Every structure is written in structure tokens, then in C-alpha cells.
Amino acid sequence: MCSSKSENLSYEKTLYAIEPSVYIVGAGPGDPDLLTVKAQKLLAVADVILFADSLVPEQILELCRKDAEIIRTANQTLEEILLIMIDRVRSQHKSLVRLHSGDPSLYSAIHEQMHLLAEANIPFEVIPGISAFQAAAAKLKVELTVPGLVQTIILTRISGRTEVPATEELTSLAAHQASLCLYLSARHVENAQAKLLEHYPAETPIAICFRIGWPDEKIKVVPLYEMADCTHKEKLIRTTLYIISPALSANKGRSRLYHPEHSHLFRSK
């Protein structure tokens with residue numbers, strides 16, 4: 001006999017929110033359909049949603065309980081957000097979802113949040129999400145690790161208000177000529193282009209990906225030497241990812257994994 005919707009909801013509540021806790025949830029790049037199943041279940045039962053409204057689309061809130069407390073945090077400081085977390089979990093014994101764009105492990109500023117939550121003895125869990133570089137590769141219909149061509153993906157940014165360590169300067173990373181995914185760099189695109197051109201050929205294709213997964217997303221594939229001009233022409237200053245990779249023009253290369261001459265544990269001889 002099938003369970004009713006209310007029974008399923010009760011089960012999910014027991015499974016995911018049995019104790020008052022903070023859930024740091026990766027909301028993915030923008031498309032609500034790209035949320036993990038666990039993220040959807042948590043949103044459906046959480047008492048409180050801390051919503052990074054400048055980075056996460058409103059449509060995701062449609063998955064929340066109708067009576068959930070929605071708190072927008074775009075204009076709040078970390079200290080203000082932390083006080084809300086402590087109050088709702090410790091004082092009001094509620095479950096709380098903190099929604100972050102993309103995946104929490106990349107440029108999400110959760111390091112300090114986790115440190116302060118641990119100091120305050122507030123339980124928390126991190127739920128991963130799809131990052132923009134993964135969603136962009138899917139939209140472009142490319143694999144960023146092509147056999148015999150490129151086998152490394154570098155995720156980085158250029159120095160701006162947040163400095164990049166000297167050992168991770170873009171020029172030195174570009175020397176690898178790997179598939180390089182450049183976040184948070186549209187405001188410094190001329191500088192980024194100049195550093196990339198020191199090691200990548202000027203004709204190397206790059207994908208300029210704006211607001212991947214949002215209704216107004218844009219993807220432009222241009223040669224590296226047009227990177228800055230295209231960025232300015234499209235008036236892109238934020239929420240832009242650059243993918244610089246020889247894989248974008250690859251037309252050959254085959255993995256050994258599915259090659260008829262390759263044997264492995266799960267294929268009979």
C-alpha cells in the first residue's frame with residue numbers, strides 16, 4: 001500500500017530534521033531542477049530558510065513549506081546571520097536551511113560560518129550542490145577532461161578585493177594549459193586575459209558563461225583574444241564564469257575505459 005503525502009513528509013521530517021540544526025545547502029547554479037534530492041527534502045521540511053536572495057533564484061522558495069520563515073540575507077552581515085542561526089536553533093529549537101549558490105565548497109564563505117557555529121556549539125551539516133562549471137560544461141555539451149588532450153581541471157579566480165596567494169597566481173596556473181574555470185573575475189577581465197595569453201594560444205576557445213541556470217543565462221564561445229571585448233560588449237560585471245580549455249574545440253580523443261581492448265573487473269573476458 002502506498003504511503004500518503006503526509007506520511008512521506010513525516011518520514012522526511014524524522015529523517016532530516018529530527019534535531020534542531022543548521023543545514024548549509026548548495027542551491028546549484030540557478031535551475032531549481034538541479035538541486036539534489038536531499039536539498040529538496042530539506043527545503044520541504046525546514047522551519048527556517050536563510051535565503052541569499054541576490055544569488056539564489058526565487059523559484060527555489062516554491063519548494064519550501066508554506067509556513068516556513070523566509071529570511072533574506074543579501075544585506076546582512078555574517079554576525080547578523082549567525083545570531084539568527086543561534087536563536088532559531090538553540091532558543092526556538094527549529095531546523096534551519098542556509099541556502100548558498102552553487103556548491104558550498106567553492107567561493108561560498110562557509111569556512112567562517114562553520115567555525116563560528118562550532119564555537120557556539122550549534123550542530124550543522126553541509127549538503128553539496130552542482131557548481132556553475134559543471135552546469136556550464138553540460139550546457140556546452142563538452143567533457144573538460146579529454147584523453148590525450150587535457151586531464152586536469154583548475155578552478156580559480158583572479159586577485160581583486162580578495163587576494164589570491166602568490167603561489168596561485170593566474171599566470172602560473174595558466175602555464176599548465178589545463179581546462180581552467182575562472183570565477184569572480186569579470187571586473188578584472190583585461191588583466192585575466194593578459195595573464196592567460198602568456199601561456200594559452202590566442203585562438204584557444206573560451207566560454208563566457210553568464211548566470212548559468214537562470215532564465216536570462218548567456219553563453220558565448222570566442223577565441224581567448226576576444227575575451228575582454230566580448231565581456232564588455234555584453235556588459236558582464238558579475239555572476240560570470242569563464243572556461244578556458246582546448247576541450248572546447250576537441251574533435252578526437254577516446255577514453256580507455258570503454259575501449260574494446262581494455263579489460264577491467266566488471267567486464268568479462
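How many of the 269 residues of the protein chain, in percent, count as buried? The figure comes to 45%, where buried means under 20% relative accessible area, exposed means over 50%, and partly exposed is what lies in between (1.4 Å probe, protein chains only). The structure is a predicted model, in which local features need pLDDT of at least 70 and side-chain atom pairs count only at pLDDT 80 or more, while totals for chains, interfaces and linings use all residues. Residues are numbered from 1 along each chain as its sequence is written, and side-chain values use heavy atoms, with hydrogens and water left out.

The protein chain holds eight helices and 10 strands; these are DSSP runs, numbered from the N terminus, with helices being H or I of at least four residues and strands being E of at least two. A contact here means heavy atoms within 4.5 Å. Among the contacts in the protein chain with a separation of 6 or more, 68% come from residues 24 or more positions apart.

One helix pair can be looked at in some detail. Two packed helices are described by the angle between their axes and the distance between the axes. For helix α3 (residues 78–91) and helix α4 (residues 110–119), the axes come within 11 Å and cross at roughly 45°. The axes are lines fitted to C-alpha atoms, for helices over the stretch in contact, and angles run from 0 to 180 degrees between N-to-C directions. That makes α3 and α4 oblique to each other, since angles under 35 degrees count as roughly parallel, over 145 as roughly antiparallel, 65 to 115 as roughly perpendicular and the rest as oblique. The crossing of α3 with α4 is right-handed, the label for a near helix turned clockwise from the far one by less than a right angle, with anticlockwise giving left-handed. On the α3 side, L78, L82 and M85 take part, and they meet E112, Q113, L116 and L117 in α4. Sorted by class, this contact has five nonpolar, one polar and one charged residues. For that sorting, Ala, Val, Leu, Ile, Met, Phe, Trp, Tyr, Cys and Pro are nonpolar, Asp, Glu, Lys and Arg are charged, and the others, Gly among them, are polar.

Leaving out residues up to four places away in sequence, V89 touches P20, S21, V22, K94, L96, I122 and P123. Of these, P123 is 34 residues from V89 in sequence, and the two are 8.6 Å apart in space, C-alpha to C-alpha.

What about I158, buried or exposed? With 2% relative accessibility, I158 is buried, and its place is the loop between β6 (153–157) and α6 (170–174). Not counting residues up to four places away in sequence, I158 touches V164, L170, L182, Y183, S185, H188, N191, A192 and K195. I158 and K195 are 37 residues apart along the sequence, with a C-alpha to C-alpha distance of 9.6 Å. L170 turns up again with A194: these two are 24 residues apart in sequence and 9.9 Å apart in space, C-alpha to C-alpha. A194 sits in helix α7 (residues 189–197) and is partly exposed, at 43% relative accessibility.

K139, in helix α5 (residues 132–140), is partly exposed too, at 47% relative accessibility. Its contacts, aside from neighbours within four places in sequence, are with E217 and I219. K139 and C209 are 70 residues apart in sequence and 9.8 Å apart in space, C-alpha to C-alpha.

C209 leads on to the cysteines. A disulfide is a pair of cysteine sulfur atoms within 2.5 Å, and the count by this rule is zero. The sulfur of C181 has its closest cysteine sulfur in C209, 8.8 Å away, which is too far for a bond. C181 is buried, with a relative accessible area of 0%, and C64 is buried as well, at 7%.

Most residues other than glycine have a negative phi, and most peptide bonds are trans. N121, which is not a glycine, has a positive phi of about 60°. N121 lies in the loop between α4 and β5 (124–127) and is exposed, at 67% relative accessibility. K235 likewise has a positive phi, near 60°, without being a glycine. K235 is in the loop between α8 (227–233) and β10 (240–244), and at 71% relative accessibility K235 is exposed.
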